[in-house]
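Here's a friendly first tour of a protein model. Have a look at the sequence and the structure before reading on.

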Amino acid sequence: MAEALEWSPTRIRQLIREKHLVLEPSRVTPTDLESRLGWSRAQVKTARKQGLVPAPDSEGWSIWWWESTIAERLEPRLIEKCLICGARFETVRGRAIHESWHRP
Ligand SMILES: [Zn+2]
């Protein structure tokens, strides 16, 4: 593929990093979840413990989910959105606690 498109592997890695190029099916890492949902690392951990985040699709030491797992099983439950930063939550209470952090 790299040769057909005349892109160097370095260029392709750069495009993937900048999200111009997506290889399907894509995987979602805990770090992806953090930026996508506006959550902190601790929030992702807590949500996993609480079972809000589905069990990882990965096996072994690395943790990731298929894009479809997150899109179908997690995101529909996150209907409460912070008006200030866009972070997403399952409950009004979760959003309210989060929003209180924005206030000095
Ligand atoms: Zn916020």
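Residues are numbered from 1 along each chain as its sequence is written, and side-chain values use heavy atoms, with hydrogens and water left out.

Let's start with pLDDT, the predictor's confidence in each residue, from 0 to 100. The protein averages 87, and 91% of the residues score at least 70. Helices (H or I, at least four residues) and strands (E, at least two) are DSSP runs, numbered from the N terminus. Where pLDDT is low, the predicted coordinates should not be read in detail.

Now for the zinc ion. Its protein donors (N, O and S atoms within 2.8 Å of the metal, or 3.2 Å for Na, K and Ca; water is not among the atoms, so sites may look incomplete) are C82 (SG), C85 (SG), H98 (NE2) and H102 (NE2), 2.0 to 2.3 Å away. In sequence they follow the spacing C-x2-C-x12-H-x3-H. C85 sits in the loop between β3 (80-81) and β4 (88-89) and H98 in helix α6 (residues 92-102), so this pair ties together parts 13 residues apart in sequence.

How open are some of these residues? Buried means under 20% relative accessible area, exposed over 50%, and partly exposed in between (1.4 Å probe, protein chains only).

| Residue | Relative accessible area | Class |
|---|---|---|
| C85 | 44% | partly exposed |
| H98 | 6% | buried |

Q43 is part of helix α4 (residues 41-49). Beyond its neighbours within four places in sequence, Q43 is in contact (heavy atoms within 4.5 Å) with G38, F89 and W101.

Conventions: Predicted model: local features only at pLDDT ≥ 70, side-chain atom pairs only at ≥ 80, totals over all residues.
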